Amino acid sequence: MTRSLPITAPAADDPPAAPPVESRARRRSRRVTAHPVAGMLFVLPFFLVVVAFLVVPLGYAFWLSLSSKSLALGTRFSGIDNYVRAFTDPVLLDGLLRVVLFGLVQIPIMLGLALAGALVLDAVTTKFALAFRLIAFMPYAVPAVVGALMWGFLYSRTFGPFADLPTLVGGEPIDFFSVSLLLVSLGNIVTWAWTGYNMIILYSALQGVPRELHEAAVIDGATPVQVALRVKVPAIKQAISLAAIFTVIGTMQFFTEPQIMARFAPQISAGYTPNLYAYNQAFAYSDFHYSAAVSFALGFLVFVVAYAFVFVNNRRRGKRA
Amino acid sequence: MTVGRANDGTRVDTRLPHLLMGVGILYFLVPLLWVVIAATKSQPDLLDSPALWFAEFNLFENIGLLFREDDGVYGRWLVNTALYSGLSALGATALAAAAGYGLARFQFVGKRLFETALLGMIMVPATALVLPTYLILSEVELVDTMWAVILPSLLSPFGAYLVRVYVAESVPVELIDAARIDRAGELRIFWQIALPMMRPAIVTVFLFTLVATWNNYFLPLVMLSDADLYPLTVGLTTWFNTAQQEAGTRMLFNLVVTGSLLAIVPLIVAFVLLQRFWRSGAAAGALK
């Protein structure tokens, strides 16, 4: 197990620089000693919150998911029945497929835009660029609920300016809530909300890239675009993949935007996304056992994908060093 | 696309980047402009006047109506939101600061294991915990109280992780050892020496947990059923539902819009004012 953590400062290009903890501890013990339980006491409050609001709820949900309730038989142990049901439930699988497709299109577009923005910000330092940075970040401070409502208004024919645009040239009005455009409309909301945030993160990482690296490339006659693509982007690969993994985690849990959008677009069904399905199983159908199973399975799936990704990423880094 | 070679001098063509940034500014700004403009309109103007231009200026009437509707429940939602997000952010930041410091600067049994687990916790999606937490909190009858929103929001593995990385980089061991030689207690060392040096990381964690709770919808939606306890996000959606059911016969759409505007102003102001702090914090240790 490597000691280096997967999320490190952008400038962590010298792994051997990390001083060995053992020697530091020994040196300290010769001179002064920290109280042996002091460290534990600092971590204890956080640890208790982890137990109370992560370990216990997950354990309880897992336990609930192993039983079922029916009118005839009451609550009884049912083993993995709920999970078998979940993985053969066409509604859930449909929702899962929809979210995966959505992510496959939306995530690369959003991260591509964020990366392009970050590279521009890194190269251009005018007042205009400063304004761009600030404005692009603003949607992050807007609650997803308000963002979805705003776009819902903007998309609608009664309130928004866009739906009727084609009629100016004699075309048909656009229905942003139609089956064929709905995912695009949702994708736009998410892209609007999160591009600036990811851009700032990638921009921060770019700021950590040593200047000598691109100065050398410029002396060798590289154009700014070449410097950006061949020097800067590889230097922040770590930050890009982390932004990607956190975006994947968020996307798999897609809930707020479709839930709000359902008020404009009634075809957003109770199982439109897996998380919406889990919610509706609990609160619309009162099937808490099945809801717990869906919620647990979905969380576990995301967790495994994310952790595997970080682990592979970490190993690759370890080999390079 | 033409980009001048950088080594024919400094005359690199930046027109294209500026054009792209201009398009970006429009894209990010138009929805926000729409809310600002729409919040100044009466309900009939909201439906009939051009969407992106002003009609009769009605902002102050709208704000007045907003705070009077349903016996002033909007004011209560605003207070709830500030209370929930303020307390959650304070608590989460305190826990993360202590834990991050403890992990970065002490040795103890089980530390390695806990640090590995911490990474795993970052990967657990917060929304996946909401339904399980609801189930457990309903067992102890805490559901539909403010604690059902605040207590789960105290959990910030990412915050602890960010502080840990930051302390490892910027609080020197030698300084702590020197204080120990001077017989300073561990708590005093943390409070008087380490904490001031950790400020950028702490501001970052505070702001980001504040925003996460202020903007949270799923957790309060699941936990609360008493409208007096709602935060803005849940409250505004219930108004929006009513507005749609009544097809805008009463004046509600303009209240939803004005309420939305007032819900986002405080955070945008906070972020712009505190830019210096959170940017250095975000760059210092990590990414989220």
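## Transmembrane stretches of chain A

Over residues 37-63 of chain A the chain is 96% helix and 0% strand, with the end C-alpha atoms 34 Å apart; helices here are DSSP runs of H or I with at least four residues, strands are DSSP runs of E with at least two, and both are numbered from the N terminus. This is a predicted model, in which local features need pLDDT of at least 70 and side-chain atom pairs count only at pLDDT 80 or more, while totals for chains, interfaces and linings use all residues. Residues are numbered from 1 along each chain as its sequence is written, and chains are lettered from A and ligands numbered from 1 in the order in which they are written.

The stretch 37-63 is one of those that an unreviewed UniProt entry lists for chain A under "transmembrane region", and residues 99-121 are also among them. Over residues 99-121 the chain is 100% helix and 0% strand, and the end C-alpha atoms are 31 Å apart. The UniProt positions are given in the numbering used here, with feature names shortened, and such annotations may be inferred rather than shown by experiment.

## Domains and overall make-up of chain A

Chain A is divided into domain 1 (15-65) and domain 2 (85-320), with bounds that come from an automatic or database domain assignment. The C-alpha centres of these two domains of chain A lie 33 Å apart, and the contact between them takes 4 residues from domain 1 and 6 residues from domain 2; two residues are in contact if their C-beta atoms, placed from the backbone, lie within 7 Å.

The secondary structure of chain A comes to 13 helices and 2 strands. For residues 96-311 of chain A, the unreviewed UniProt entry lists "domain: ABC transmembrane type-1", and over these residues the chain is 73% helix and 0% strand.

## The hairpin

Strand E1 (residues 67-70) and strand E2 (residues 74-77) of chain A run antiparallel and are joined by 4 bridges, where two strands pair if DSSP finds at least two bridges between them. The two strands form a hairpin with 3 residues between them, and A:Ser67 stands opposite A:Phe77 in E2(A).

## Buried residues and the nonpolar core

Of the 321 residues in chain A, 42% are buried; a residue is buried if 20 or more other C-beta atoms, placed from the backbone, lie within 10 Å of its own, exposed if 12 or fewer, and partly exposed in between. A:Ala205, which is found in helix H7 of chain A, counts as buried because it has 26 C-beta neighbours inside 10 Å. A:Ala205 and A:Ala239 are 34 residues apart in sequence, yet their C-alpha atoms are 6.6 Å apart in space.

The largest nonpolar core has 182 residues, and those with the most contacts inside it are A:Leu202, B:Val163 and B:Val256; such a core is a set of buried Ala, Val, Leu, Ile, Met, Phe, Trp, Tyr and Cys residues joined through C-beta atoms within 7 Å. Helix H7 (residues 179-207) of chain A gives the largest share of this core, 15 residues. Domain 1 and domain 2 of chain A both give residues to this core, so the core lies between them.

## Where chains A and B meet

The contact takes 91 residues from chain A and 85 residues from chain B. On the side of chain B that touches chain A, the largest share, 12 residues, comes from helix H1 (residues 15-38) of chain B. The residues of that side divide into 63 nonpolar, 16 polar and 6 charged, where Ala, Val, Leu, Ile, Met, Phe, Trp, Tyr, Cys and Pro count as nonpolar, Asp, Glu, Lys and Arg as charged, and the others, Gly among them, as polar.
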